[in-house]
Amino acid sequence: MAFSPRNSMTTCLQATEGEELIMSKPIYVLGAGGHAKVIIDALQSQGLTPSGVVDPVAQPGDKVLGIEVIGGDDVLQSFAPDSVWLANGVGATPKSRVNAKLFAIWRDKGYRFINVRHASAIVSAHAQADEGSQIMAGAVVQASAVIGAGVVVNTGARIDHDCVIGQHCFIAPSVTMCGGVQVGERTFIGAGAVLLPGVRVGSNALIAANAVVDADVADGGCVLRA
């Protein structure tokens, strides 16, 4: 099992780019579904209002929480990569990781993703959150935790001290990670799961909702509900 989120994208954009630069660029949300609503709400809680929603299926002119759909990928590509921020409004399921694919596609084109942190989330000043990470309402991230690029820490999840979460993991609502847990890349952890101190979970693994993980899980492994 490889745990190297520190070596992938270790830039916490809000810290390095500065608030003024973030505010100076329009933000476009990818996707017009339920996860996009949560992202728009979280951005608004930060005092940031998206300039539009990009979705190739939704009808241009439709609105998501009052934010207008401007069109599909062709419209977004009319903007220079360094002139906008993107926010990934596509969620994940145990069988679908479209969000990670979208991140890779647009990052390869030179676009960058803004960190999303709901105002009600509690994040230690000694934690690290990498590019495009999303920390939702009521979540807690403790000291020396590392949240990799594109990771979603969903509503009310608890990430304790020294946890390391690899890029593009999806941490569902109310997950509890006790201290020192390590998770590889693109792993899905279902709602209400509990990972006990120091366990290591590999990449592309699946932890079912309400499961209790008390032993290491290999790459591609699956832990069913306890």
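**Entry 1: Glu-131**

I looked up Glu-131 and found it buried, with a relative accessible area of 2%. I note that this is a predicted model. Glu-131 sits in the loop between strand 8 (128-129) and strand 9 (134-135).

**Entry 2: the partner of Glu-131**

I asked which residue forms a salt bridge with Glu-131. The partner is Arg-107, and the closest N and O atoms are 2.9 Å apart. Arg-107 belongs to helix 5, so the pair ties together parts that are 24 residues apart in sequence. I then checked the exposure of Arg-107. Arg-107 is partly exposed, because its relative accessible area is 24% and the buried class stops under 20%. I also looked up how many salt bridges the structure holds. The count is 1.

**Entry 3: Asn-115**

Next I turned to Asn-115. I located Asn-115 in the loop between helix 5 (98-108) and strand 6 (116-117). Is Asn-115 buried or exposed? I found it buried, at a relative accessible area of 6%.

**Entry 4: what Asn-115 reaches**

I followed the side chain of Asn-115. I found the backbone nitrogen of Gly-132 at 2.9 Å from this side chain. A polar atom of the Asn-115 side chain also lies 3.3 Å from the backbone oxygen of Ala-129. Last, I looked up Asn-115 against Gln-134. Their C-alpha atoms are separated by 6.0 Å. Along the chain, Asn-115 and Gln-134 are 19 residues apart.

Conventions. Residues are numbered from 1 along each chain as its sequence is written. This is a predicted model: local features need pLDDT of at least 70, side-chain atom pairs count only at pLDDT 80 or more; totals for chains, interfaces and linings use all residues. Side-chain values use heavy atoms; hydrogens and water are left out. Helices (H or I, at least four residues) and strands (E, at least two) are DSSP runs, numbered from the N terminus. Buried means under 20% relative accessible area, exposed over 50%, partly exposed in between (1.4 Å probe, protein chains only). A polar contact is a pair of N or O atoms within 3.5 Å; within protein, one must be able to donate a hydrogen and the other to accept it, and residues adjacent in sequence count only if both atoms are side-chain atoms. A salt bridge is a side-chain nitrogen of Lys or Arg within 4 Å of a carboxyl oxygen of Asp or Glu.
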